[in-house]
Amino acid sequence: MKGRAALSAAVGLVVLGVVSANAEEKAAFAGNGDFRVGPDIEPGTYRTTGNTGGSCHWERTRGAGHGLDSLIAKGDVTGTAVVTISPEDTYFRTSGCGDWKKAG
């Protein structure tokens with residue numbers, strides 16, 4: 001009986017830990033702004049719920065400029081967007097999006 005009670009207590013702790021870890025994800029960065037990769041945001045995969053009332057725009061660039069020669073990739077979405085920011089990217093620009101959260 002003692003063994004069963006100890007096992008039940010251990011299982012309860014594991015379940016509580018899983019619930020706490022998934023309760024609320026913290027935003028990695030805001031849905032509007034120019035973020036320098038490295039100092040401002042880490043490379044990785046991020047997701048946003050986008051913007052249900054308009055367009056969520058994002059850009060990965062290799063420089064501070066807004067020209068086509070600097071552009072690596074871009075997107076305009078309504079709803080969820082998932083973007084992988086590479087260590088080689090210099091900036092990540094976002095406007096009209098919800099907060100970005102780490103996806104992996």
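This is a predicted model: local features need pLDDT of at least 70, side-chain atom pairs count only at pLDDT 80 or more; totals for chains, interfaces and linings use all residues.

R93 has a charged partner: its side chain meets that of D34 in a salt bridge, 3.2 Å from N to O. D34 belongs to strand β1 (residues 33-36) and R93 to strand β6 (residues 91-95), so the pair ties together parts that lie 59 residues apart in sequence.

How many salt bridges does a search of the whole structure find? There are two. In the other pair, R60 joins D89, with the closest N and O atoms 2.6 Å apart. This pair also links distant parts of the chain: R60 sits in strand β3 (residues 56-61), while D89 is in the loop between β5 (81-85) and β6, 29 residues away. Here is how the two partners are placed:

| Residue | Relative accessibility | Class |
|---|---|---|
| R60 | 16% | buried |
| D89 | 4% | buried |

Now for the nonpolar side. In soluble globular proteins, nonpolar side chains tend to be buried together. Here the largest nonpolar core has 13 residues, and those touching the most other members are F29, I41, W58, V83, I85, F92 and W100. Strands β3 and β5 each give two or more residues to this core, and β5 gives the most, with three.

F92 brings both themes together. Leaving aside residues up to four places away in sequence, its contacts include F29, I41, W58, V83, I85 and W100, and also D34 and R60.

Methods: Residues are numbered from 1 along each chain as its sequence is written. Side-chain values use heavy atoms; hydrogens and water are left out. A salt bridge is a side-chain nitrogen of Lys or Arg within 4 Å of a carboxyl oxygen of Asp or Glu. Helices (H or I, at least four residues) and strands (E, at least two) are DSSP runs, numbered from the N terminus. Buried means under 20% relative accessible area, exposed over 50%, partly exposed in between (1.4 Å probe, protein chains only). A nonpolar core is a set of buried Ala, Val, Leu, Ile, Met, Phe, Trp, Tyr and Cys residues joined through side-chain atoms within 4.5 Å. Contact means heavy atoms within 4.5 Å.
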